[in-house]
Amino acid sequence: MIDTPFITNSSVQQTAVVHLTVPRAEIQHVMGPAITEVMSALAEQGVEPAGPLFSYHLRMEPDLFDFEVGVPVKTPITPTGRVKAGQLPGVKVARTVYRGPYETLGQAWGEFGEWMKANGHAAADNLWECYVVGPEVGPDVSRWETQLNRPIMA
């Protein structure tokens, strides 16, 4: 389900994001509009995305997600509406790639977490996933790729 995970260092990336805190059941209803807001704000400001869409989870409780949806940018954005400047952290992370539909991302994260435990890595509370290849390439979900990143506690 996931590629063989590895340990690497991520670089700080400036981003344009919408911050959301929602019950788990609402995530599918709020991500699309938030992505549209981010992309509209970038277009209005003439700023190009510098990487794929992502969701950066600041904390996850069983029934509540506190996260940001956005894209990396090379040019800082001016806050507008719910869109603000943010950043992905520069930290030591465990990383893997999941190939498949978004509906089974939870299983991929579970498999990834088991790999981290089995290899002696303590995970931090935050994590992010980058939607490297998705629905824009068509309905064949076997072509979709999501990069999973989990910071490692020192």
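Here is a short chat about the predicted model shown above.

Q: What helices and strands does the protein have, in numbers?
A: Since this is a predicted model, take it as such: there are two helices and eight strands.

Q: And in what order do the elements run from the N terminus?
A: They go β-β-α-β-β-β-β-α-β-β.

Q: How does the radius of gyration sit against the globule rule?
A: The radius of gyration is 15 Å, close to the 15 Å the rule gives for 154 residues, so the protein is as compact as a globular protein of that length. Along the principal axes, the C-alpha atoms fill a box of roughly 45 × 35 × 30 Å.

Q: Switching to the inside, how much of the protein is buried?
A: Buried residues are 41% of the 154.

Q: Which residues have the most contacts inside the largest nonpolar core?
A: Leu20, Leu42 and Phe67, in a core of 31 residues.

Q: Which element gives the most to this core?
A: That's α1, with seven residues. Elements giving two or more include β2 (13–23), β4 (64–72) and α2 (105–118).

Q: Back to Leu42, what does it touch?
A: Leaving out residues up to four places away in sequence, Leu42 touches Ala16, Val47, Pro49, Val71, Val73 and Ile77.

Q: What does the second core include?
A: That separate core has seven residues, among them Phe54, Leu88, Val93 and Trp128.

Q: New topic: how many positive and negative side chains are there?
A: There are 11 positive and 17 negative ones, and the centres of the two sets lie 6 Å apart.

Key. Residues numbered from 1 in each chain as written. Predicted model: local features only at pLDDT ≥ 70, side-chain atom pairs only at ≥ 80, totals over all residues. Heavy atoms only, no water. Helix = DSSP H or I, 4+ residues; strand = E, 2+ residues; numbered from the N terminus. Rg over C-alpha atoms; globule rule 2.2 N^0.38 Å. Buried < 20%, exposed > 50% of the residue type's maximum accessible area, 1.4 Å probe, protein only. Lys, Arg positive; Asp, Glu negative; His and termini not counted. Charge placed at Lys NZ, Arg CZ, Asp CG, Glu CD. Core = buried A, V, L, I, M, F, W, Y, C linked by side-chain atoms within 4.5 Å. Contact = heavy atoms within 4.5 Å.
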